[in-house]
Structure formats: C-alpha cells, structure tokens
Amino acid sequence: MHGHVEREFKITWGMVIDLDKCTGCGACMTACQVENNIAPMLDASNKLRTLSWLLVFEMSNKKAAPDAEIAYLPRPCMQCGNPACVPVCPVVATDKNEEGGIVSQIYPRCIGCRYCMAACPYHARYFNWEDPIFPKGMEKALSPNTSTRPRGVVEKCNFCHTRFVQAKDKARQTGGNPDALPDGAYMPACAEVCPTGAISFGDLKNPEHKVHELAKGKNAFRLLEKLELHPQVYYVSKREWVRKLGDNYAATGKPGAEKKHS
Amino acid sequence: MDRALFPDGVERCSFGKFALWMVFILAFFLFGLYAMLLIFAKGIVVTGLDNYFGFGLWITFDLAVIALGAGAFFTGLLKYILKIDQLKNIINLTVIVGFICYSGAMLVLTMDIGQPIRAWFGYWHPNVHSMLTEVIFCITCYCLVLVIEFVPLVLEQKQLNKIPFLHHLAHNMHVNMALFAGIGAFLSTFHQGSLGGMYGVLIGRPYALREGFFIWPWTFFLFVLSAVGCGPIFTVLVCTFMEKLTGRKLVDFKTKALMGKIAGTMLTVYIFFKILDTWAWANNYLPSTGMTFDQMFYGIIYGKWLMFTEIILCGVVPAIMLITPSIRNNPTMLYTAGILDCIGISLNRYLFTVQTIAIPLLPFDSWHTYAPNWAEWATSGMIVAYGFLVMSLSYRYLPVFPQERGMNR
Amino acid sequence: MGLDRRGFVKFVVGGVAGTLFTPVIWQGLDDAATWSQNWGWIPRLNKGEVKATSALSKLCPTGCAVKVKTVGGLPFAAVGNTENPMSKGGVCPVCAAGAQLMYSPARVKSPMKKVGEGKYEPIKWEDAEAMLVEKLTPLKGQDGKIAAISGDETGSANEVLSAMLAGLGSGGGFHVMPGEMFTATKGVKLMGGNGQPGFDIEGADLVLMIGADALDSWGPTVANQKAFGATRPTGADATAQFIYAGPVLNNTASVCDKFLAVPPTATTAFSLALANQLISAGAVCPASDFGDYKALAAKFTPEEFEKATGLKSEVLKDLVAKIKAAKAPLVIAGASFGQGAGALDFVAGASLNVLLGRVGQKGGMTLLSAAPKAIASAADRENAKDAASFLAQVATGKATPAVLLVYEANPAYALPQAGDMAKAMGNIGFKVSFSTYMDETAAMADLILPAPHPYERFDDAMNPYGVAKPTYLAGKPVIAKPVMDVKDPVDVMLAAAGKLGLSLGFETYADVIKAKAKALGADFDALAAGGIWNGELKGGALSLGAGALAKAAPVKLDGKTVALAPVSKLAYGTDNLATPPANLLVVRDSELLGKDLLVQMNAATAKTLGVTEGNKIKLTAGDGEVKALVHVNEGVAAGTVAMLMGFGRSAWDQFTKGKGDNVYKILTVSDEAGTGLKVWAGSTVTVAKI
C-alpha cells in the first residue's frame with residue numbers, strides 16, 4: 001500500500017488478550033511501568049500527558065442500570081504488520097525490520113516530531129513530555145531492561161524487547177534454538193504478571209505456541225481491522241457487544257463484515 | 001537621520017516614528033522569544049499539545065504560512081520562466097513574503113520537535129519513505145533559494161550597492177535568477193505536494209487518508225494547487241496592507257488584479273477537484289472503513305460547519321469572485337475575495353492537521369478537544385512579529401517596489 | 001574590483017566547500033546529539049548480576065508469594081512465583097509495585113519523636129527504644145493501660161504483641177483492625193460453628209459472590225483470580241459460572257457472567273429472598289434450625305426483594321435455576337469493601353451454603369480451625385477484639401489506655417467516622433506507631449518506629465482470609481541491609497519486653513516464625529524459598545443462623561439519603577498503603593481528576609438527587625463530610641452512591657497527599673442487632689450540590 005511493502009516474518013510475536021478474563025485490576029500497567037522505567041507522575045489523572053505504554057481502556061455496553069455491562073481492554077502497542085507509524089518517521093527512529101515483527105523505537109534517534117503519534121489510530125505512541133525524574137532514591141529500583149529516555153522523544157511498548165533478546169541468549173547458551181523459542185520462553189512483563197492469565201503471548205506463526213490457534217478462534221478479533229494495519233495483538237470475547245466495539249461497523253452494523261471495496 | 005539609507009527618490013516616515021513602530025513590534029517579538037526560550041528550556045510540556053494532539057497550532061501555522069508564501073515560487077515561475085513581465089512590479093515583495101514565511105516556519109519547526117538538537121537527523125538519517133523527510137529536504141533547500149533570491153535585493157540597498165564587489169555580486173545573482181526561480185518552483189511543487197501527502201498517507205486516519213489515485217497524483221496536486229491558489233493573492237493583501245499603513249501607493253491595481261486572476265484561476269481548478277475529492281472520500285472511502293461522514297464531526301468545535309466554510313464560503317465563493325473580471329476589478333471585492341481565499345486555505349490546513357487526529361477511531365474512545373495555549377500563540381505571534389520587522393526594514397531601506405517612485409510623484 | 005560570472009561561481013562554491021571542510025560544524029552537531037542522549041540529570045541504569053529471590057510480599061492484605069528481581073543486589077521488580085500454589089505466578093497490582101515502594105518518598109527513614117504539632121525530630125534507635133521502655137515501665141501490671149492495634153491479620157507478630165500485653169498485665173488491650181476475617185469469624189460462631197471460613201473457588205462450578213469483591217480486593221485476590229482464570233480457558237468453554245451481587249459493577253462484576261445490582265443496604269434481604277426461592281424450589285437441609293429459617297426466609301417474598309433491591313424478581317428465578325443446575329455451587333458473602341458489614345450479612349450469605357449442603361464439600365465453604373501458636377500466652381485469633389469498638393470506648397472514657405502501640409495499622413485514617421476515631425486517639429497520652437510509611441496514624445504518633453519494607457524483613461502469613469484450607473507462608477529478607485534506618489517492630493517489642501522483665505522465649509521475629517513453622521510441622525527454609533504449607537481440614541458443621549438472622553433490622557432510607565457504597569480497588573492501595581507511585585497511572589480519570597474524587601451513581605439516582613455529571617457535591621453523614629464530583633455510572637445500584645476508598649490522604653507523599661477525599665469520614669457506625677458488633681457497611685449519606 002502506498003509503495004510500502006509489508007514485510008513477512010517467519011516469527012511473528014503476538015498477543016491474544018481474553019477480555020472476558022481481564023478484571024481491569026491494573027497489575028499489567030504497573031508491571032509495564034516498572035519494567036520500562038516510567039517515572040511516576042505528580043498528576044497522573046491528566047491522561048493527556050501520561051506515559052501509558054500499556055493502557056487499560058474501559059468499554060461500556062452503554063445500557064442503563066441494571067443492564068449495564070463493562071469490559072476492560074488492555075492496549076499495548078499493536079506491533080502492526082502494516083504499521084502506520086513506521087513509514088512516516090522522517091529519521092528511521094522506528095522500524096519493523098527484525099525477525100519477530102516487533103516495531104522498534106530508537107530513542108537516541110527520535111527527534112520528537114510526533115508524526116508517528118498522529119499516524120497511530122490506537123494512541124499507542126506517547127510523547128515523553130518531561131524528563132524521567134524519579135523521587136530521590138527510587139532510581140536505585142530502575143529496571144536494567146529499558147534505558148531511561150530523555151524528554152522530547154516518542155516512546156511506546158516494544159513487547160519488552162530486552163526479554164526477547166535475553167530469551168534468545170539463553171537459548172544459545174543452553175543449546176536451544178534462538179529462532180524457535182518454546183512457548184513461554186519469552187514473555188512481556190504484562191503477560192507474565194496478569195493474575196487471571198488474560199494475556200497469552202507467543203509466536204503467531206508457530207503451531208506449537210498457544211496463540212497460534214487462539215488468534216484464529218471464532219471470537220478473536222483485532223482493533224480497527226478495517227484500516228488494514230494488521231495488528232499482531234488479538235482480542236477474544238464471547239460478548240458480541242465487546243467484539244462490535246473493536247471496530248467501526250457503521251456500514252453494515254455487523255462485526256467481521258467484509259470491507260466494501262478499495 | 002537615516003535618510004541616506006532610503007531607496008532613491010522615495011519618502012519614508014521620521015526615524016522617531018519608525019523607532020516607535022519597531023518598539024511596538026519588538027514587544028510582541030520579545031514576548032514570543034521568552035516563550036520560545038521557555039520551550040527550549042523546559043520542553044514542549046509548556047504548550048497545550050498533548051497525547052491526543054501531537055500536532056496543533058504550530059503545524060497548522062507552518063502549513064498555512066508555507067501555502068501563503070507560495071506566491072514567491074509561483075510568481076517567480078511566471079515572471080522568470082513564463083516571462084509575464086508585468087509581475088516584476090510585485091516580484092520583490094513575493095520573495096520577501098516567501099522568505100519570511102519559510103524561515104518563520106523553519107523556526108517554528110525547531111520548537112515543535114521534542115529534540116531540536118537533533119533537527120539535522122532529517123538529513124543524516126533520512127527515511128526516504130517519509131513525506132516529512134521530503135518536506136524537510138525541500139523546505140530547507142527552498143529556504144536557501146529564497147535567501148539567494150533575497151540577497152541581491154539587500155545588496156541593492158543604496159549604500160551597499162556603492163561597494164563594487166557587492167554591486168557585481170548582486171548583478172550576477174540577478175543574471176542567474178531564472179535558474180533559482182526554476183529550482184524554487186521545482187522544490188516548492190514537491191514539498192507543497194508532500195505536505196498534502198503527509199496527511200494523505202496516514203493509513204490509520206480516515207479523515208485524511210486517500211487511497212491509490214486519490215493520493216498520487218490527486219492529493220499532491222490538490223495541495224500544490226491550493227497553495228498557488230492563495231499565495232499570489234496573499235502577497236497582494238500584504239501589499240495593500242502596507243499601502244494602507246504607509247499611505248503610499250506601492251503596486252498598481254492592474255498588477256494586483258493580475259495576481260488575483262492568477263490565484264483565482266488556480267483556486268477554481270483546485271476547488272473543483274477538492275469537491276470531487278471530498279465527495280469520493282465521503283461516499284467511497286469512508287464507508288469502506290465502516291465509518292460514516294457524521295462520525296468525522298463533533299459538536300461545534302469539530303463540526304461540519306468547518307468543512308462547509310472551508311469549501312463553500314472560503315473556496316467556491318472567492319474562486320467565483322476572482323475569476324469573474326467585473327468582481328475582481330473592484331478593489332474592495334478583490335481584497336474580500338483574497339481574504340476569504342486565504343482563510344479557506346488556512347482552514348484546510350487546520351482541518352487536515354487537527355480534525356484528522358481529533359477523531360476518536362477506537363469506538364470505545366471519546367472525542368478530546370485541543371486549544372493552543374499562550375506559549376503556542378506567543379511563539380506564533382513572534383513569527384508574525386518577525387515578519388513585520390523584516391518587512392518594515394525592507395520597506396524602509398530596500399528598493400522593493402519599482403513603481404513606488406512613479407506612482408507617488 | 002571586478003567580479004565576472006566565473007569569479008562569482010568560484011566564490012560561492014569555494015565559500016561553501018571551505019566551510020564544510022572545517023570539522024567544527026560536524027563535530028559540533030555530533031557532540032550535541034550525543035549530549036542529548038546523556039543528560040546528566042537523567043538517571044542511569046544499575047548494572048550487575050540479575051537474580052530472582054523468593055519473598056513474601058505483604059504489601060497487600062493477603063500477601064503475594066513473589067520472586068523479587070534484583071540487579072547487583074538492588075530489587076527492581078516483583079514477578080510471580082510460578083511454583084507457589086497460592087499465587088501460581090500471578091502478582092497483585094500492589095505487590096507488582098513493591099520494589100519502587102522501597103524508595104517511596106513516604107517511607108519513615110529513621111526513628112522519630114514528636115516535638116510539636118506535626119513536627120518530628122529524627123532520633124537514634126537506642127534513644128527511641130529507651131523511650132518506649134520508659135513509657136511502658138510505670139504501666140506494667142496495670143490492667144487496661146497499654147493497648148495495641150494491629151492491622152496485620154495473618155502475621156505471628158500478633159502473637160508477640162498480644163502475649164506482651166498479657167505479660168504486662170493489659171491482656172485485654174490487644175485489638176485488630178476490623179476486616180472481613182473478624183466479622184466472618186464472629187458469623188461462624190453465630191452459626192454454631194468454630195473457626196475461620198474458607199471458600200474453595202477452585203472446586204466450584206458456580207460462584208455467587210454476595211458483596212465479596214473476590215476477584216479484586218476480597219480474600220486471597222491472586223489465588224481467586226487464578227482460580228477464576230482456570231475455569232475460563234481462552235478460546236474454550238467456561239467450566240464455571242461467576243455471578244456477582246453487589247452495589248457496584250466493580251472489577252469482579254465486570255468479568256462475571258451476571259451482575260446483580262444490589263444496594264449495600266439490601267445484602268441480607270437479597271440472601272434471604274434467594275433462600276426463600278431455593279426452599280420453594282425444593283431445597284431442604286438437615287440443620288436443626290431449618291424450620292425457623294424457612295419461616296424467616298418466607299418473609300422475603302419476591303415483592304420484598306424488588307422493594308429492597310430495586311431489581312426485578314425474575315433475576316432471582318434465573319439465579320435459582322442456575323444454582324439448581326450447578327453441581328458445586330458456592331456462595332461467598334462479604335462486604336463489598338471488605339469490612340463493616342457486621343456478622344449478619346455474612347450469616348445470611350453463608351447460610352445459603354448450609355442450605356445447599358455445601359459446607360465442607362469440594363468447591364464449597366470450609367472451616368479452618370485455629371492453628372497452633374508459637375507463643376502459648378498469645379490471644380486466640382477468633383477471640384479478637386476490634387479497634388473500632390475500642391476507640392469508641394476511648395472516646396466515651398470507658399477505656400483509658402495511657403500507651404497505644406499501633407502495628408502495621410492506620411486507625412486514624414481507616415476506621416468509620418474517621419474524624420471521631422482520630423479525635424479519640426488524641427485522648428491517648430502516648431502513641432507509638434510501628435510503620436513503614438508516614439501514614440495518617442504515624443503522623444499523629446508521639447514516637448514513630450520505622451518498620452522494614454517486606455523485602456527487608458522476616459514475616460509470615462497464617463491462613464489469609466478466604467483460603468479454602470489451612471495455609472502458611474513465610475519469607476525472609478531479600479536484601480542484606482535495609483535501605484532506611486529501620487528495625488523489625490517485633491524485634492523491638494521483644495527487646496522492650498525483655499527490659500521490662502518479661503521473657504516471651506524469643507529474641508527475634510525470625511525465631512518466632514521458625515517456631516511457628518515448627519509447631520505446624522512445616523519447614524521454614526522451604527517456606528522462605530517460596531514454598532507453602534497446607535494443613536488438613538478437620539470438618540465441622542454449621543447451623544443456618546436463623547436465631548441471629550431473626551434479629552436483623554432492615555435499613556430505612558428516606559428521600560434525602562442514599563446508600564453509600566465504598567469501592568475498594570486493590571491497585572489504588574490499602575488502608576495501610578496509599579496508592580504506590582507505580583500505580584498512579586492505573587487510576588482512571590473518571591475516578592480521580594486532579595485533586596477531586598468522582599463519586600459514581602446511576603442516572604436515575606442523579607436525577608433524584610438533582611445533580612448532573614461534573615457537579616461538585618458534598619456528602620454528609622454524622623459529623624463527617626466529603627466533597628467530590630459527580631460521575632454518572634450505570635453500573636451503580638439504585639439509590640446508591642459509590643465512592644472509592646484509599647484517597648483523601650493527609651500524610652504520605654506528594655503523589656497521594658490531598659488527592660480526593662476519605663470515604664471513611666462519612667461511614668457511620670451503628671450497633672448490629674443481636675450481635676453486639678459495630679457495623680457501617682449499610683451507611684447512608686445526604687447529598688447536596690455545592
């Protein structure tokens with residue numbers, strides 16, 4: 001599309017998030033913040049200025065009491081197969097070029113133009129408004145897995161990429177195959193911490209990984225599928241209203257409807 | 001006291017009055033400068049931009065001034081390449097306006113990016129797929145071209161021109177001006193188009209996205225056409241504003257009306273295609289994403305009235321006014337049409353910048369609104385003040401208007 | 001000087017090239033870019049070997065069995081312990097923030113003594129300990145002069161604390177914060193049983209939670225969430241149904257198959273109406289009081305049910321059908337915010353388990369008998385007295401302690417009518433707070449003795465509330481030396497007791513815990529390595545509690561008042577822990593906006609109260625009032641206002657202080673008919689626009 005050739009990868013890391021299991025407890029957001037060294041914010045209620053690599057949205061069926069229902073939707077970076085953000089970056093600070101299909105973000109390269117933010121319909125990209133200043137002493141609890149970023153650059157979830165590198169290293173050291181990691185050998189912090197096991201993670205192309213089948217389930221869907229960005233994050237819900245809220249279906253009213261043309 | 005510096009044979013106000021005017025403008029400039037330094041020191045957290053609106057007033061401002069500054073390359077093209085000689089009466093002004101617009105836009109861009117120290121990465125690590133890379137390349141290059149076009153005018157200043165080296169330099173630059181005009185036209189066409197492409201390629205943003213033919217060449221040419229449809233008339237408006245301010249005649253109305261005719265023709269072509277484009281988008285592309293025309297708008301702040309104002313009131317109306325000789329030849333009507341035209345194109349840039357990203361695409365997300373804060377207004381105001389300063393100095397000391405001497409005799 | 005065309009071109013090209021050949025520009029640009037990556041004020045990462053060490057993270061009320069990841073010996077993250085059968089690799093949102101909490105700005109950095117209103121001075125440990133002994137010495141042997149409040153439900157520290165008080169002659173002075181464990185244990189007694197109730201969610205195929213927020217803040221949250229998760233494998237059919245009946249569509253309700261919006265004032269009515277329908281549908285049970293129970297339940301007709309809950313009676317029929325179809329239904333009763341419900345709400349809910357014959361069954365309700373003690377003279381857990389009643393006595397002069405020891409509790413903040421409670425505490429001459437953080441209670445203590453963070457101490461957890469079978473966890477420090485100048489409170493108390501001539505047989509808390517493990521027949525080292533000890537269930541029968549339930553008095557609401565439903569979300573902190581810095585992001589902007597808390601109510605309630613979205617309102621009850629904004633939320637039961645707990649902190653740190661308001665201020669205490677307990681779960685409030 002538009003001269004940008006979608007690259008195929010042999011390994012495609014992906015998530016399948018079971019929305020019927022997500023209680024919205026927030027452990028994933030906390031684990032993400034800890035793993036990725038996001039400094040606490042004085043006013044974290046100003047959601048227009050926070051850094052939430054992983055954000056748990058609240059969805060509502062918009063019905064009045066007592067028929068109201070809600071669901072929680074954790075939104076990491078979708079690591080799109082056809083990312084909107086990558087081709088627009090003027091300085092190649094973000095790329096989707098490594099086996100595994102994770103959309104990278106190179107902080108020392110980023111000039112902070114925010115074009116990628118404008119491009120991403122999932123709001124998965126965040127501008128680092130302020131320097132990461134931790135309360136005195138708390139820098140001793142920094143995770144060694146993610147470098148601290150100066151203000152003025154765009155950041156986002158990278159499926160805890162360092163863990164991917166570590167898993168491959170471990171496989172090499174223990175005689176395993178770094179290009180065929182077993183299911184569970186590489187897990188992002190959010191998937192690891194989730195107390196209900198709502199987040200499954202693995203190689204979507206590897207039949208030995210659970211997500212391979214889960215992503216094809218009849219209740220599986222992706223956000224804004226009609227935009228054809230091909231996210232590598234899938235959601236699952238048995239509730240039809242939840243699945244409907246995954247995309248805009250004004251044209252047909254039905255989820256899963258074919259794109260009319262183009 | 002600075003009479004010796006004036007261009008030959010023209011009158012200027014007293015130095016005291018001029019100084020007072022400069023102080024007045026400087027106040028705005030310095031206030032903006034303060035905001036700019038604050039932004040460099042603390043980062044753009046001091047602005048009204050946020051996680052939903054990464055682009056805001058600044059980008060709108062940049063796109064608008066780049067469109068309005070298009071008078072420079074287009075008039076240059078017509079004068080030097082297509083040899084429409086009458087345009088010599090206003091060509092200097094178009095160059096100065098273009099220079100102000102482009103240099104101002106570049107200054108705003110350095111504030112707008114989060115890491116201004118890395119601004120040059122656009123050259124060092126370019127992503128050839130990015131429209132923004134093309135924009136960065138072209139506007140910096142074209143800004144250099146504008147400097148080259150502006151320099152001989154400066155060198156023609158009465159006292160400077162007495163220095164033989166500078167005199168020859170200016171002369172040689174003039175001799176080669178057609179070459180620069182050509183380069184300018186080439187660069188400008190590209191980046192004006194790419195600015196449209198910047199939004200047109202946003203595959204995740206249905207308000208802006210155009211697919212296939214509608215992106216190339218369609219959107220590219222829409223942006224080029226819209227820029228040349230307002231740039232020339234903007235120069236006329238600047239000129240007329242200067243005339244009102246100074247009380248002196250600077251360019252004859254015939255030239256102005258010619259500029260109006262040029263802009264009007266371009267605007268007419270543009271608005272015809274723009275309407276086709278909008279119709280195709282609303283009826284074909286949008287439904288394919290499952291969205292409706294109504295979903296693109298929200299309340300008053302992002303209401304449909306904006307699009308209708310842009311296309312009808314500030315598009316179709318000025319286009320008709322400018323291509324109809326009887327209306328165009330009435331000064332009041334010409335200026336009114338010009339103002340509408342410029343508002344329409346600026347509004348277009350605003351909508352592509354802000355409305356595009358305001359639309360919540362996730363069905364469970366809600367609309368957020370954006371209002372620029374004082375820091376963005378102050379810095380944008382600084383660029384306007386900078387324009388006034390450059391223009392005031394140029395008017396006072398440089399031979400900008402070849403007709404001035406004759407018309408005010 | 002002349003300049004021809006060639007000269008001009010030479011000049012331009014030469015000038016440009018010359019400039020570009022100097023390294024100044026390029027080197028300068030490069031240096032600047034490098035500098036922009038290495039700003040000195042941005043913290044650098046720590047280097048060293050990365051390890052994971054087992055720990056018992058008692059930051060949440062139950063305590064999570066975690067692995068603490070360290071880099072060069074410095075903890076940076078807590079991950080689940082997959083080998084521990086309680087947490088099974090899961091971590092609660094509070095324990096997930098554990099490493100950063102070690103360096104929380106709210107931590108008490110050294111012992112401090114009060115030198116004026118709100119003014120403290122750091123002192124040396126030896127002086128602090130001497131001061132404690134000095135204050136206790138004259139009170140030795142005087143009954144009722146030393147009191148203690150413990151906010152730790154499960155630790156053996158309570159044994160030391162209560163035994164010490166008994167040894168000093170103030171045996172009745174030991175109190176606990178009134179959590180779910182406290183009321184449920186009293187409830188079991190009212191049902192003729194003994195022990196702590198447990199709930200086997202793992203084995204049930206239908207879990208009806210009445211009030212109990214079991215998947216977020218009630219009981220062993222992570223174990224419950226794991227059990228829930230196991231019943232719904234992604235992409236396959238669920239093997240158990242979960243139903244939530246409570247005042248708010250909370251985190252638990254969001255994933256339940258069915259949510260029934262029951263106002264907090266109608267919990268007992270809901271349970272008994274359900275009992276009535278079950279009996280009508282043929283449920284019988286051999287309990288001796290079945291006849292009385294049946295007669296009592298019969299009063300809760302579908303019409304009464306509709307009136308009390310605002311729900312249609314069809315939902316009850318539907319529920320009965322589901323329960324009848326289930327093989328192993330389980331009812332979990334509890335206050336929606338984990339306290340204050342009194343025993344009757346519990347009895348009414350638990351009686352359904354008796355009625356359905358689910359007590360002592362797999363997937364049913366269990367009874368955990370008292371565990372062996374490490375210190376024989378310690379108080380028995382089931383005979384615990386609650387701090388709310390105690391402070392009420394202090395307020396009226398019925399109790400006159402001279403010294404109050406507060407261990408891991410925050411009574412100044414987290415008791416109903418918080419204002420009155422704090423005032424009552426003011427009547428006590430000398431208050432000692434053993435606390436890790438500068439909480440509201442520490443902020444009014446005369447002596448603050450900083451306690452270690454969980455990664456810096458030995459601790460244990462015996463039968464966390466809700467577990468289905470006897471359970472014991474223990475942990476030891478993760479890091480060699482605490483990051484602040486702290487001492488283990490138990491060690492301090494044992495030393496003080498020694499100086500007062502009282503020997504409890506132990507010198508350190510570690511020894512107490514090892515003795516406890518031994519008494520259970522558990523291996524301490526295996527426990528500290530992340531293991532668990534599980535005991536056998538002894539069985540035990542329960543009545544339906546008809547006698548107690550007969551005394552239940554219905555709550556009356558008039559047009560002006562609405563029921564208050566405090567909402568607890570574990571991620572936002574606990575009574576003893578203000579929202580951790582790493583959890584601030586989790587709080588929604590529909591819950592907290594700047595410094596304003598948003599209270600939630602449905603559109604119908606808002607209309608009745610004459611308020612709309614965003615209105616600033618005042619909620620009053622008794623002497624207490626809180627201010628908040630209105631947020632219309634259709635997930636709140638009829639005639640109910642929901643308000644988050646854990647906000648309105650007056651101490652702590654810059655991240656939490658002064659944000660929102662404290663719901664405890666408007667929870668009003670009343671006496672529960674027939675049980676002698678204090679209750680505040682059915683509190684009502686008046687709402688006024690300001």
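The contact between chains A and C takes 61 residues from chain A and 68 residues from chain C, where two residues are in contact if their C-beta atoms, placed from the backbone, lie within 7 Å. On the chain A side, S1, helix H1 (27–35), strand S3 (70–75), helix H4 (189–193) and helix H5 (210–214) each supply at least two residues; helices (H or I, at least four residues) and strands (E, at least two) are DSSP runs, numbered from the N terminus. H1(A) gives the most, with 7 residues. Sorted by class, the side of chain A that touches chain C has 32 nonpolar, 16 polar and 13 charged residues (Ala, Val, Leu, Ile, Met, Phe, Trp, Tyr, Cys and Pro count as nonpolar, Asp, Glu, Lys and Arg as charged, and the others, Gly among them, as polar). All of this comes from a predicted model, in which local features need pLDDT of at least 70 and side-chain atom pairs count only at pLDDT 80 or more, while totals for chains, interfaces and linings use all residues. Residues are numbered from 1 along each chain as its sequence is written, with chains lettered from A and ligands numbered from 1 in the order in which they are written.

Back in chain A, S1 also sits in an open sheet of 4 strands, ordered S6-S1-S8-S7, with mixed pairing; two strands pair if DSSP finds at least two bridges between them. Strand S6 (199–203) and strand S7 (220–221) are the edges, each pairing on one side only. S1 (residues 13–18) and S6(A) run antiparallel over 5 bridges, and A:Trp13 stands opposite A:Asp203.

Chain C has an antiparallel open sheet of 3 strands, in the order S1-S2-S3. Its neighbouring strands are turned by 35 degrees against each other on average, direction ignored. S1(C) is joined to strand S2 (residues 64–71) by 8 bridges, with C:Ala55 partnered by C:Val66. As for domains, an automatic or database assignment gives chain C five entries, among them domain 1 (5–37) and domain 4 (201–363).

In chain B, the axes of helix H8 (residues 177–200) and helix H9 (residues 215–228) come within 7 Å and cross at roughly 120 degrees. Axes here are lines fitted to C-alpha atoms, for helices over the stretch in contact, and angles run from 0 to 180 degrees between N-to-C directions. That makes H8(B) oblique to H9(B), since angles under 35 degrees count as roughly parallel, over 145 as roughly antiparallel, 65 to 115 as roughly perpendicular and the rest as oblique. The contact of H8(B) with H9(B) has 8 nonpolar, 7 polar and no charged residues.
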